[in-house]
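Welcome, and please take a moment to look over the sequence and the fold below.

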Amino acid sequence: MGRHRALLIGASDYEMRGVQPLPFIPGDLRRLGSVLESRGFQDVQVLAARADGKQISANYVNARVIGFLRRARRGDTLFILLSGHGVHARGRDFLVPEDIDEDMHPFESGCVAIDWRRHLDETLAEHVVILIDACREGIHQDSMGVAGVREWGKQEIGAALRRKVAYV
């Protein structure tokens, strides 16, 4: 039988001009973590302020989410919550990290893309729920890029059909 595990990450201590701090997030995540533990979650990680005093960066968020998905065991149920400011650009959603800089262009290139498809395809977890608690501001920017295409094998197709993933 799989475990129930949660990863709760909050970006709240923004310093960029025009991006308001969200001081309530750390407390909200700690309370949610306690509720999940009381409901039987075996592993709850609350990451709302870094112990080393550094800000919650895009690299930090991606590394925590990817590592969490990679360490899943067969049959696990994973709950991932990201909380903070958000933006919507070119049809995609992003979490704004605490260390965002006003000179970042395009703005979303310094943000966390809400997209871990490749890692979801590789996780052993049976169920994954990703909850985003972020107000979004829409922005428009042009994009130029060519995506490589590769056909899935039977094993990849079978794993995707068995896995259940929900974004909320």
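Let us start with strand β1, residues 4-10, where six of the seven residues are buried. Buried here means under 20% relative accessible area, while exposed means over 50% and partly exposed is in between (1.4 Å probe, protein chains only). Helices (H or I, at least four residues) and strands (E, at least two) are DSSP runs, numbered from the N terminus. A word on the source: this is a predicted model, in which local features need pLDDT of at least 70 and side-chain atom pairs count only at pLDDT 80 or more, while totals for chains, interfaces and linings use all residues. Residues are numbered from 1 along each chain as its sequence is written, and side-chain values use heavy atoms, with hydrogens and water left out.

Which strands pair with β1? Strand β3 (residues 77-83) runs parallel to β1 and is joined to it by seven bridges, with G10 standing opposite S83. Strand β2 (residues 43-47) also pairs with β1 in the parallel sense, over five bridges, and there A6 has V44 as its bridge partner. Two strands count as paired if DSSP finds at least two bridges between them. Between β1 and β2 comes helix α1 (residues 25-38), and the three make a right-handed β-α-β unit. Right-handed means that, with the strands pointing away from the viewer, the path from the first strand over the helix to the second runs clockwise.

Now look at two arginines at this end of the chain. R3 lies in the segment before β1, and its side chain makes a polar contact with the side chain of D76 at 2.6 Å. A polar contact is a pair of N or O atoms within 3.5 Å; within protein, one must be able to donate a hydrogen and the other to accept it, and residues adjacent in sequence count only if both atoms are side-chain atoms. R5 lies in β1 itself and is buried, because its relative accessible area is 4%. The side chain of R5 has a polar contact with that of D43, at 3.0 Å. Beyond its neighbours within four places in sequence, R5 is in contact (heavy atoms within 4.5 Å) with residues including F41, F68 and F79.

Further along, P21 sits in the loop between β1 and α1. It is partly exposed, because its relative accessible area is 42%. P21 and H85 are 64 residues apart in sequence, yet their C-alpha atoms are 9.0 Å apart in space.

Among the buried residues of α2 are V61, V65 and F68, and what covers its buried residues includes β1, β2 and β3. I80 is in contact with V65 and F68, among others.

Finally, step back to the whole protein chain. It has four helices and nine strands, and of its 168 residues, 42% count as buried. Of the contacts with a separation of 6 or more, 71% are between residues 24 or more positions apart.
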